[in-house]
Amino acid sequence: MEIPYIFTPRKDTGMVNSKIAIWLFLASEVMLFGGFFSSYVYLRLGADYPWPERALPVLPGLINTFVLIFSSVTVVFAWAGLKLRKWRMFQVSMGITIACAAVFMVLKAIEYNVKWHHQAVRLKDYTILEGHLDYDKKANTGEVTKDGKPVFAEADQIHVATESLTFNTLRFHKPWVEELLRQAGSNGAKVELAEELSIQGEKIPAGTPLSVDLLTKIQKNHIQSRTNNSDVRTEALRAEWIATYAKPENADKKGWELAPGVNIDVAKIKDQLMLETPSVTFAVKPTTNFWFYHRDVKEGATQSRLRDDTVLNGKLLDSPVAFHNLDAIDFRHVVMKAEEKGIDPVVAIENTWLIKNSKEAREAWEWNKAQTAKLEQQLLEKHGKDENGVAKRVPTATERYRIGWKDFIAKADGVDRGKEEIHVSEEFMGPNYKLREPKHTFPHLKVPRDLVFLSGKFTPAWNTYYAIYFTMTFLHGLHVVGGAVVLGYYLFCGKKMYQSNPEWLANRVEVGGLFWHFVDLVWIFLFPILYLM
Amino acid sequence: MADSPEQIKKSIKTYTIIGLVLFLFTGITVAVATVPALDIGVHGFDVWDMILGLLIASFKATLVGYVFMHLNHEKKAIYWIFFGSMVFFAFMIALIMSAKSDPIHFNGFNFGLPF
């Protein structure tokens with residue numbers, strides 16, 4: 001069926017149908033993004049932590065803004081080319097538009113990648129540390145992983161001096177059982193069944209070595225036993241109910257009145273029940289240090305639990321979070337909490353674990369204090385005081401209480417804040433550790449595990465700012481990709497239509513272009529809101 | 001509508017100029033946010049920076065809508081559709097703002113403005 005009014009305008013609206021359709025679609029898009037923008041406002045106004053103002057690198061965002069504006073110009077040129085019946089002009093302009101979309105997405109991918117590889121840790125005293133965790137290449141444990149990679153100590157690992165392992169027979173994860181066996185093997189330890197087990201008449205003696213096959217066998221038996229026992233209990237209960245209802249004195253009574261008196265006689269069904277084994281314990285001889293990545297284990301002083309419910313019984317060993325490059329220290333949350341309690345922010349900061357225990361952090365804090373004092377003096381000289389004798393302009397909370405990676409570089413280079421030399425690649429990717437290594441720019445720091453409140457990468461889970469940032473920019477990125485696909489279709493598959501009906505193709509490109517301008521329009525707001533405010 | 005070849009040729013010039021204006025204002029947005037000498041209000045980010053940033057963004061968005069999206073010579077139906085959605089958007093923002101104002105101890109809307 002032919003769609004009406006595709007290239008000749010409808011009389012009542014004066015437009016082609018596709019134009020009305022795209023504008024209706026764009027109106028729905030305004031409401032969709034409007035919803036997210038209002039969520040942003042709500043999250044920002046209601047944040048119970050210092051909102052990360054101007055936290056994103058401006059240069060990639062600025063380049064992306066230029067790229068999108070430029071592509072908005074080229075997409076109207078492409079449309080004009082079709083209107084002027086200049087196929088070459090259309091081709092070139094549209095090609096540039098699509099290339100711009102690609103550049104935009106590449107820059108976005110770099111920005112996301114940097115976030116996803118940047119570690120953040122919030123201590124229990126609200127100090128926030130940022131940087132990169134790494135393995136200590138000198139502390140090779142001599143072990144190798146299943147993939148043959150050497151195991152280094154001091155990463156974000158949990159170490160447990162394990163005396164015994166208790167597996168959940170339904171949930172155990174085979175690769176982790178194999179990993180435990182591997183670690184036990186490389187430490188020369190034996191993992192053996194702690195107590196004798198009876199499986200459908202077959203006795204498995206204590207001391208049987210742990211294996212995936214054995215656990216699978218126990219699992220099968222447990223499932224069978226559970227099914228059988230549940231059937232037996234249901235049958236016995238049904239018989240009890242039938243017997244209860246059959247009694248003449250119960251004839252007029254309701255079920256809920258009789259229910260308290262209806263119980264299974266366990267003694268009767270005892271012989272039919274099979275032994276269930278919901279968990280099984282294996283002894284580790286001798287006590288051995290097992291380690292797992294932090295993401296896979298919930299640690300405890302005497303018991304740690306893997307995500308598959310396997311319990312490692314034993315003492316939690318020293319498992320620090322080791323920063324090999326600590327590139328930012330943020331005290332703004334400490335200050336916020338101190339002010340809520342009416343404590344002097346500087347006193348609160350100087351009583352944090354970090355300042356008390358790390359010489360390098362203390363030096364950085366002292367340097368930052370001196371820099372802030374200098375800035376305060378400069379602002380006072382330039383802008384003076386108001387009629388109440390209060391300085392008109394003062395350093396921001398970020399300048400006072402956050403020591404960022406650029407500050408560490410300035411400190412190492414021996415220059416004032418803002419005077420440091422930043423490599424262009426660092427403006428996109430963050431600090432280049434190799435480049436800065438000779439000057440020991442970024443401190444090495446070990447944080448005891450029990451001081452860590454929250455640790456993670458800069459992902460949506462870190463805080464509501466990153467949640468809304470990723471939601472909005474990802475949704476916008478999807479629009480960029482979608483728009484580029486449609487415009488690319490016109491470019492690469494439009495020649496035939498151009499030859500038969502160029503006006504139709506021009507209308508299509510105009511409609512596609514309208515969507516593209518909308519994508520640009522959303523970014524015009526996203527850029528200042530997320531990068532500059 | 002600018003449909004004749006002469007008018008389209010004329011529009012190409014307009015599009016180029018508007019593109020350059022958009023470039024310029026993008027530069028201004030970044031400059032007022034990052035260059036200390038151009039900082040308005042108190043030192044660092046504050047409500048005045050927010051107002052200025054959003055005003056520039058709105059101006060840029062208006063140019064894109066007005067010229068690139070041809071809203072300067074569009075049919076009435078389009079205005080109804082687009083501005084209808086804008087009203088909805090304004091309503092949503094107003095709803096959020098009013099939700100932030102404590103409904104029990106209500107003492108006027110506070111948008112964080114210093115007056």
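In which sense do strand 10 and strand 11 of chain A pair, and over how many bridges? Strand 10 and strand 11 (residues 303–306) of chain A pair in the antiparallel sense over two bridges. Pairing here requires that DSSP finds at least two bridges between two strands. Strands are DSSP runs (E, at least two residues), as are helices (H or I, at least four), numbered from the N terminus. Within this pair, Val297(A) has Leu306(A) as its bridge partner in strand 11.

A word on the source. This is a predicted model, in which local features need pLDDT of at least 70 and side-chain atom pairs count only at pLDDT 80 or more, while totals for chains, interfaces and linings use all residues. Residues are numbered from 1 along each chain as its sequence is written, and chains are lettered from A and ligands numbered from 1 in the order in which they are written.

I turn to the sheet. Six strands of chain A form an open, antiparallel sheet in the order 6-9-5-12-11-10. Its edge strands are strand 6 (190–193) and strand 10 (297–298), each pairing on one side only.

Next, strand 13 of chain A. Eight of the 10 residues of strand 13 (321–330) are buried, meaning that 20 or more other C-beta atoms, placed from the backbone, lie within 10 Å of a residue's own. Strand 13 pairs antiparallel with strand 2 (residues 128–133) over six bridges, and Glu130(A) stands opposite Ala328(A). Three bridges join strand 13 to strand 15 (residues 445–447), also antiparallel; there Ala322(A) has Lys446(A) as its bridge partner. With strand 14 (residues 402–403), strand 13 forms two bridges in the antiparallel sense.

Conventions
A residue is buried if 20 or more other C-beta atoms lie within 10 Å of its own, exposed if 12 or fewer, and partly exposed in between; C-beta atoms are placed from the backbone.
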